[in-house]
Structures are given as C-alpha cells and as structure tokens.
Amino acid sequence: MTNEKTKIILDSLAEAVVTVDKNFKVTFINEAAEKVTGYKKEEIIGDYCKHYFESDFCEFNCPIASVLKNGKNVYDRETEINCNGRGTIPIKLNAAVLKDENNVPAGGVISFRDISLLKEYDKILKNDTNYHGIIGKSKKLKSIFNLIDEVSDSDAPVLITGETGTGKELIADAIFNTSLRKGKSFIKLNCSAIPKNLIVSELFGHVKGAFTDARYDRTGRFELADGGTIFLDEICDLPLEVQPQLLRFLQEGSFERLGESVTRTSDVRVIAATNKNLQEEIKKGNFREDLFYRLDVVNIYLPSLRERKDDIPILIDFFINKFSKAYNKKILGLDDKSYDILLNYNYGGNIRELENIIEYAVIRTKTENEICVCHLPHKIRKNHNCKKNDTPDIHNNELVELLNEYKWNKTEVAKVLGIDRTTLWRRMQKLGIS
C-alpha cells in the first residue's frame, strides 16, 4: 500500500493518530489529531512532539520510549496534553512500535481520544444532586432515594409507578446498583414491546418444536437472570393469560419452558414498572389482583415533574451542560424570559420532554452563550416574542405545524405569535409558504 493511501486511511479515522521517528520527531499527524490538538501538520511535523503536547509522560514515562525499550504496546493510558488555544485536556492513549521494511523499530505510533466529556460527566455523577444517575434534590425525590437505600439489602419485589417520562427505568437501575445483587445479571424487558405470542418464550424459554418456528431450544429471561435481577417495564401490558405463570414464579421461583414438562428454578429478584393505575386495570379485568399484591411489596411512586418543580432548575442546568458539551458549544444558561417559561410549563412528557426541549434549544443556539426565547420550540413560547426581534424567530416547518394546528386560521396564528396578520403574511411569503 502506498504512503498516500495510508495517509488517506489514517485521515478517515475518528481517533487521533500521531507517528514519530526514533528521535521522537513527529512524522505524521492525522486530521482527527489536528482537530483535537489544534496544531496543523505543517507546524508540527519535523519537530519534537514534547515541544507541543507537554504531557506529564514526556519527561519520565514516555509511552513511545516505553514500547521501543521493552517491545510491549501500551493500552488505555490516561494523561493530559497541551492543545493549541485550549489549554490542557485529558486523553486516553494507545502506543505501539512502528517498524521499517526490514522489521527494525523505526519509531512509534500513538492513537488517542479526548475524554474531557467523560470527565465532566464523572464530576456531574459525583454531584450531590445526582443519585445513581437520577437528577434532583426535592423532598419527594430524596424520600425515594432514602427508601431505595433502606431496601438495598432486601430481595423483595419492587413496583415502580409513575407517568411516562418520569424516569422509572433510572429508579430500577438505582435499585439494582445499590442491591446485594449488584454486579450480577440485570435483565430488562419491556412487556409492551414483545408480541403476545412470543412473551412466554421470552420470559421462560422454549424447547425445539414447541411451536412452528421453534427450531432450537431457547433460554428465557428468568433463566438468564439467575442470581440477578429482572426489570419488567410496562408490566400492565403483560397478557392476562401469561400472568399466572409470573405469579407462580414469584411464589415458588419455578417455571417450565414452553413445550417442556421439566420444572426449572431460578433465583431472581423482580422489579416491575407501569405508567397505568393497576387498581383501575384490576377493576377492568386486565390485571390479576393476586399478581398485583405479589409485585407490590415495595412500592415506589415516582412523582411527575409538575409535582417536584424544585428539581426543574437543576435539570435545566444538567441538560444545558450535557448538550453544550455534546454539541461543542459554550452555553451558560437561559435568558430570564426563557427561564420563566420553562419553570411554569406543564411538562406532560415530564423529564423526557424537558430534555428534548433543552436539546432543541441548544442545537438552535448558534453564536450566543445564552438560550433565548426564540430558540425554544414554538409550542413552549406561543405568546412570547424574542427580545431581539419584533417578530418571533420561527422556522418554516414550525410555522407550517402551527398553521396546521389552527387549521390555517391566520388570525389565530398571529395571536399565538404575538404579531398582526400583515406581519404573519410577510413571514409566510419570506418562507415560501402559501
């Protein structure tokens, strides 16, 4: 392979790559390394790498010197390097020997990646507003955290209830991560996502020939989770005819694979979750009462975001920080009007909706270091104009969506946007909407 083709391949990699000769002078730097370090090929090639990167390893523990000396490659070593205009950043690197056509060591290659974002997330996870990935410190949330800690040495079934988007799966993760079964199997299954005719096989397995497409034996989720925990999300959607088998497992810890008469046992803790009112589902005949009481040993009700508004500012800051780093932006917060809007919004989709709103706003914030009203989705800022413009900043698809919502009644749409019909008409003309 020619040198030119090699360079093309290396430039196509997402991971940064730098090569040096035996004198530790840079012989190649790929495009990803240029982007991470801020140094261009023409200014660094031919010079000593330590003059630019200034790593802690450069003087005493150089990874290239190490691999040249003992012939052993270096994997996932963490250090910091100096970057042009960015200061120092944390990286994780690998190092290996480069050999010439005679198989003689001629230098070394280092591949590395920027782990700044991972370090930031690690700091966030150690914050006192973060409990095993759950963000907030309201009284209602803290009482849940206390309950999880209290039952951490128990194997009792847990039933998590709450609206869609409140974070029930995160609660299940926290229960598992604080339990005595941490480090063992943690199997998750969404009961609404599995076809009714396959749910028994998914849960308890089947043997070859049990049904038309059963060409081989299959191990079920309860058997795979032996010694660990299983999380059954949307438990209310478990078919009524399957519920007795789950009840039996909860009572006896035993089951049979579909198509088999051999009784098997498995030691599994069950965590279940639903966004429905199970008492109402029992009255409708959709859920067994005896199964409900078997699951409802430890009950955790996860309040909606409307019920814990104290957590909204914390979540806003968390998501702005998260998406600013994800999209490589430096957004510090919201303007006052945007902040008021988000604090008083209803959040039918709960935390998931707030997260989507902040991601959308961060994406639309181009040069500013502050999210403005005009960056929020129009459904959030209906009657609020941007402080920078006489008319709200609205995109083509947003305006069409709004017109469709009000059945193309331009008078009503103009009211929602806080402008007159003539201004709306001019905006439609500008966007090419007829």
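These legends go with close-up views of aromatic rings in a predicted model.

**About the model.** Local features here need pLDDT of at least 70 and side-chain atom pairs count only at pLDDT 80 or more, while totals for chains, interfaces and linings use all residues. Numbering runs from 1 along each chain as its sequence is written, and side-chain values use heavy atoms, with hydrogens and water left out.

**View 1. Phe 176 stacks with Phe 186.** The structure holds eleven aromatic pairs, and this is one of them. Rings of Phe, Tyr and Trp (its six-membered ring) pair if their centres lie within 6.5 Å; planes under 30 degrees apart count as stacked, over 60 as edge-to-face and the rest as tilted. Here the centres sit 4.4 Å apart, with 5 degrees between the planes. Phe 176 belongs to helix α9 (residues 168-177) and Phe 186 to strand β9 (residues 186-190), ten residues apart. Helices (H or I, at least four residues) and strands (E, at least two) are DSSP runs, numbered from the N terminus. Phe 176 counts as buried because its relative accessibility is 7%, whereas Phe 186, at 22%, counts as partly exposed. Buried means under 20% relative accessible area, exposed over 50%, partly exposed in between (1.4 Å probe, protein chains only).

**View 2. Phe 204 stacks with Phe 222.** This pair comes in at 5.3 Å centre to centre and 10 degrees between the planes. Phe 204 is buried at 1% relative accessibility, and Phe 222 is buried at 0%.

**View 3. A cluster of Phe rings.** Zoom out from Phe 204 and Phe 222, and ring pairs link them with Phe 249 and Phe 255.
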